[in-house]
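User: Could you walk me through this model and tell me what stands behind the terms you use?
Analyst: Gladly! Here is the structure to look at together.
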Amino acid sequence: MNTDVTRREFLATVAAAQGSFVLGFWMPVKAHAQTRTPASAPAGTVWYEEPATPEVNAWIVVAPDDTVTVRIAQTELGQGVWTSNAMMVCEELQCDWTKVRPQYASANRDAREKAPAWTLAVPGNGATDPKGGGVPTFGTRDRTGVAGIPDSLYRRMRTNAASSVKDGRYYLQLAGAEARERLLLAAADLWSVPVAELTARNSIITHARSGRTVTYGRVAHRAAQIPHPHPETIAIKPPDQWTLMGTEQKNLDVPLKVTGQTVYGIDVRLPGMKWAAVKACPVYGGDVARFDFDAVRDMPGVRSAVQFPIPDPALTRGRIFSGGVAVIADSWYQARTAIDRMPIEWDVPPEHAAVNTAMMRDGLLAAIDQPGQVRVNQGDVDAGFVRAAKIVEATYSTPYLARARMEPGNATVLVTDDRVDIWIGDQSPQETRFSASTITGIPEQNVYIHLCHLGGGFGRNGNGPQAEHAIMIANAHRGTPIHMLWTREQDFIGTTYRAMGLARLRAGLDAEGWPIALDVRTCMQRDGFGPEASFDVTSRYHVPSYRYSSHTTRFHVPVGTRRGVGQAAHEFYRESFMDELARAAGRDPYLYRRELLARTNLPYKADMIKALDMAAEMSGWGTPLPRGTARAIALEERGAEAEGLATISAMVHTVSVSRAGKVRLERVDVAHDTGFGLVNPLSVKKQIEGQVVWFYNDAMHQATTIADGHVVENNFDTFPLSRIGENPPEINIRFFSTGHWLMGMGHDRATSVQAAIGDAIYQITGKRFRDLPYGNHDLTWS
Amino acid sequence: MAFDLVVNGSTHRVDADPQTPLLWVIRDHVGLTGTKFSCGIGQCGACTVHLDGRAVRSCSIPAATAIGKPVVTIEGVSPDGTHPIQLAWKEFDAPQCGYCQSGMIMSALALLRERPHPTDADIDARVTNACRCGTYYRVRKAIHLAADLMGK
């Protein structure tokens, strides 16, 4: 088949589809050098396009009408990166914010081009230098893109670890500054005046001496031709000079999200596109034994079926998913109807099929009693227990948890003989690029990923093989664009889980009730991202003798990065236990924590105490509440236990429990660290509000169980999501500034909901529950 | 089998099995993708549209049910995003990922048409759409603002 002809036909079809909702920017590879604008792009178009005006640098294009296109290398999945990344660029660019248009950066160019040298050296003194670049982390070079590609054009195209601001701030500000300086140089060149006599503001360059002005749009073409002679001398603005950063900006993608125009991956339509519905073996590690396509071949719209193997673990971070089969049809509903009727027999590993949740829990309980990896051993823990006046011990557990993003996994893939195009919402396009190349044998330089907004992410867009499934199916249908869409049920199977976890905490208290020895054991299956998070640094609260060991076992359920990774579970264990210790000591849980923080030498202990004090004060801590209502407090910090970046908050949750056992989160009071400054405080508030809901669901409702080796809860009828009626009517957020750069906002905020609801239930009902979710327990009282 | 559907005031000739869920006819035959698929079992409400003025979960009703009845989707709320409910949503910057918001807005709009000044309890009872990002705090405020704006 002559694929060039195919491409011409393809483009002709695109041209004929003017006005309908079809993408028209697809370019034949041989025409790559020519500039093209989209022929019929819909209003929600977010894809990279070759600019009509030469770019100033890889982040910025200024059109003659002063429209500024800012390339975004992270994925918008609700966290506001579409806006905050643009703010960081525009803070320095000094452009008209009303004319800023974000657009996704090209993962293909990222495979072809290296990062400009001037972005590589980060100035300043790490976490605590307000004039510096902070502490971006890019990992070591890893061609799969998992750890990072530190010298590719956009370096980090991942959207994870709450790191988009932390890792992007320095070079995004710098990109804006470099472009501004070059626009000034272009104006100086135009007027033959010294650049030092020029000022830039709101996309207008002014030469005060002669009274001349010129817009960015008029000199952008010239700026594109003028490199900066000494880009290494360009400095970014410290927070005290910010004018756009630090202000509440409404998110630039919101207007299209209230009209239905936003294009998510599921909304992609291409000429000649066919749809694929997928069934993978429900038991991980299983494969297709046989299927009978003949039974459905004649159903309306049905075209073909294709079997695909267990995705290569080298492409899925070592996780073992399942083999499966896809049915391809003219519409997705036809494909889905056919695959539901198609007889499929599975080949299931018997050792996996025998597994259920109770066995797994027993496995964790057995492992936690075995010698683990001792990560901290300070003082003499055993002697401390001998001297203790009272010993408190508790075992907590957290279940497997799915992300359950709203948009089911999907990707649209067109493979031809020398090029792959993928339309996908993806938290890790560099990994997907590598997968596409590995599966098709087509070099990464010929893989084009057209990023879409994501309908929720919460961890590499599912951390599962949606792209790999779609690429394998499309690779078997070269020349035809294939839109693969998972059912909700397949989406639950096709994801990694937050690992089931267990913790046993044992403390020896002195006669005053203060801990003198603490032994912490946590247990999660191997590969359960962050299983030792933060306990391996310190106990957080002061104790003279402290031992921490982590314990692991092996299970077949693939686990990965779900919002909060291991830390969220650990915060539940630790803060729950602090409440239990305070109660055992007969002391106020707020003041008990406060005193134990004051006794530490943690680098940010003053900030942590401030957070506790502020949240307690906001909540009216200690003032009377009606019977059936209680307050509980907890600290949340990420990173602050080490000398580095930190995000610190404390929350007081006011919780009611009816006699019938109905829990209501009535009010949340939040004291939150801003570090040196928040980029977009409005987005930060939304992140906090949203994570209150997230951890409320973790605490009250959600659990994934395993039966006969497969996931049981595979839709929202069995894996419930809270609704507006359960939401706290009052969320009060107050910020306080601190002397460090923030670690991030996208996870580990509001983890306190978990322990706080538990302690409130205890205060109201007298019952202490240590196994999440609380909704599984009898919470009635009289 | 071909049949006619009236969506957002326009008549569309649809060549599909009339038992196809209304959602898929709207998305794939009429070509309006603002209405979303998420659970497919009428649980989450991402697919909410108005059928004959009532909010329905379009993933779980056959398109045949809609023959002869007006269907309104998020695209039909206003031509330019200036309906009071859309203004209120923008004022509070309510959406995060936005995937559930079309359905959320359609549910809230049906409530507001029926009860121009809903109480919080009315909202709890009628806006039962799921949002995984947790936008509920702002959605509630936006519904009350929309009620004020629509009353003017």
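User: How many salt bridges does the structure hold over all chains?
Analyst: Over all chains there are 63 salt bridges, a salt bridge being a side-chain nitrogen of Lys or Arg within 4 Å of a carboxyl oxygen of Asp or Glu. Before we go on: this is a predicted model, where local features need pLDDT of at least 70 and side-chain atom pairs count only at pLDDT 80 or more, while totals for chains, interfaces and linings use all residues. Side-chain values use heavy atoms, with hydrogens and water left out, residues are numbered from 1 along each chain as its sequence is written, and chains are lettered from A.

User: What makes B:Lys36 and A:Asp267 a salt bridge?
Analyst: Their side chains meet at 2.6 Å, N to O, and the cut-off is 4 Å, so the pair qualifies. The pair crosses between chains: B:Lys36 lies in the loop between helix 1 (22-30) and strand 3 (48-51) of chain B, and A:Asp267 in the loop between helix 6 (254-257) and strand 7 (274-280) of chain A. Helices (H or I, at least four residues) and strands (E, at least two) are DSSP runs, numbered from the N terminus.

User: Which residue forms a salt bridge with A:Arg269?
Analyst: That is B:Asp28, with the closest N and O atoms 3.1 Å apart. Across the interface of chain A and chain B, the rule finds six salt bridges.

User: What is the area buried between chain A and chain B?
Analyst: About 4500 Å², with 57% given by carbon and sulfur atoms. Buried area is the accessible area (1.4 Å probe) that two parts lose on being put together, summed over both. A:Val258, A:Met406 and A:Ile724 supply 18% of what chain A buries against chain B, more than any other three residues. The contact (heavy atoms within 4.5 Å) takes 63 residues from chain A and 46 residues from chain B.
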